[in-house]
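Trainee: I'd like a close look at a single part of this protein, taken slowly. Could you walk me through it and then show me how it sits in the rest of the chain?

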Amino acid sequence: MFATLPTWTVERVDLLKAHFAAGLSCRQIAAEIGVSRNAVIGKLSRLGLTREKSGDEFRPRKPRERRGRPVPRLQYEMLRQVYDETAFTDTPVISEQRCSLFELSKERCRWPVNSENEAFAFCGNPPLAGLPYCTGHTRLAYRSLARRAG
Ligand SMILES: [Zn+2]
């Protein structure tokens, strides 16, 4: 059994490929070539030319949804790294060099520490490079961030 006329002449196939490459939808290609949309879809699949979803319209991929994070990514990654390294040493943080607000500097952990003797003090331990807290307090900071991020 032969169909009366072949739908897909060489010229039409070339057009089909060209339009497909140009990003036209199946419906648009069909209108351009003068065949049915189903014929376009069928021919494309036979040629192995498929898009992500072999549907109608050409849809550009959605960019990944960005998760709202409360801290800059780099810092978050650093915190996570520290947390991973120290996750199994769940010892309380000892702040031996507590200092006041006015004594804080880049060389001192600025985690607030409540104590009975002092009204208000900061940890004062040497902080990790690039972070405002010492190892133990970085871990605590990460925990609270992780909770917030859900
Ligand atoms: Zn600290």
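In which helix does Leu 16 lie?

Mentor: Leu 16 sits in helix H1. Keep in mind that we're looking at a predicted model.

Let's begin with the residue itself. Leu 16 has a relative accessibility of 0%, so it counts as buried. Skip the neighbours within four places in sequence, and what touches Leu 16 is Trp 8, Ile 29, Ile 33, Val 40, Lys 43, Leu 44 and Leu 47. Take Val 40 from that list: it is 24 residues away from Leu 16 along the chain, yet the two C-alpha atoms are separated by 7.6 Å.

Now zoom out to the core. The largest nonpolar core has 13 residues, and Leu 16 is among those touching the most other members, along with Trp 8, Ile 29, Ile 33, Val 35, Val 40 and Leu 44. At least two residues of this core come from each of H1 (10-22), H2 (26-33) and H3 (37-47). H2 is the top contributor, with 4 residues. As a general point, nonpolar side chains in soluble globular proteins tend to be buried together.

Beyond four places in sequence, Ile 29 is in contact with Leu 16, His 19, Phe 20, Leu 24 and Val 40. There is also a second, separate core of 5 residues, and Tyr 76, Leu 79, Leu 131 and Tyr 142 are included in it.

H1 and H3 meet at an angle of about 85 degrees, and their axes are 11 Å apart. The cut-off for roughly perpendicular is 65 to 115 degrees, and H1 and H3 are therefore roughly perpendicular to each other. From H1, the contact uses Val 13, Leu 16, Lys 17 and Phe 20, while H3 brings Val 40, Lys 43, Leu 44 and Leu 47. Sort the residues of that contact by class and you get 6 nonpolar, 2 charged and no polar ones.

H3 also packs with H2, at an angle of about 110 degrees and with axes 8 Å apart. That angle makes H2 and H3 roughly perpendicular too. Here Cys 26, Arg 27, Ile 29 and Ala 30 of H2 meet Arg 37, Val 40, Ile 41 and Leu 44 of H3. The class count for H2 with H3 reads 6 nonpolar, 2 charged and no polar residues. Notice that Val 40 and Leu 44 turn up in the contact with H1 and again in the contact with H2.

Looking at H3 by itself, the buried residues are Ala 39, Val 40, Gly 42, Lys 43 and Leu 44. They pack against both H1 and H2. Just past the end of H3, Gly 48 has a positive phi of about 75 degrees.

Of the chain's 150 residues, 28% count as buried. Among contacts between residues at least 6 apart in sequence, 51% join residues at least 24 apart.

A polar atom of the Thr 138 side chain lies 2.7 Å from the backbone oxygen of Cys 134. The backbone oxygen of Tyr 133 is 3.2 Å from a polar atom of that side chain.

Pro 127 belongs to the loop between strand E2 (121-122) and H5. Not counting residues up to four places away, Pro 127 touches Lys 106, Glu 107, Arg 108, Cys 109, Pro 132, Tyr 133 and Cys 134.

To finish, here's a contrast with Leu 16. Phe 102, in the loop between helix H4 (73-86) and strand E1 (112-113), has a relative accessible area of 79% and is exposed. Phe 102 and Phe 122 are 20 residues apart in sequence, with a C-alpha to C-alpha distance of 9.9 Å.

Notes. Residues numbered from 1 in each chain as written. Predicted model: local features only at pLDDT ≥ 70, side-chain atom pairs only at ≥ 80, totals over all residues. Heavy atoms only, no water. Core = buried A, V, L, I, M, F, W, Y, C linked by side-chain atoms within 4.5 Å. Buried < 20%, exposed > 50% of the residue type's maximum accessible area, 1.4 Å probe, protein only. Contact = heavy atoms within 4.5 Å. Axes fitted to C-alpha atoms, helices over the stretch in contact; angles between N-to-C directions. Parallel < 35°, antiparallel > 145°, perpendicular 65-115°, else oblique. Nonpolar A, V, L, I, M, F, W, Y, C, P; charged D, E, K, R; others polar. Polar contact = N/O pair within 3.5 Å; in protein donor to acceptor, adjacent residues only side chain to side chain.
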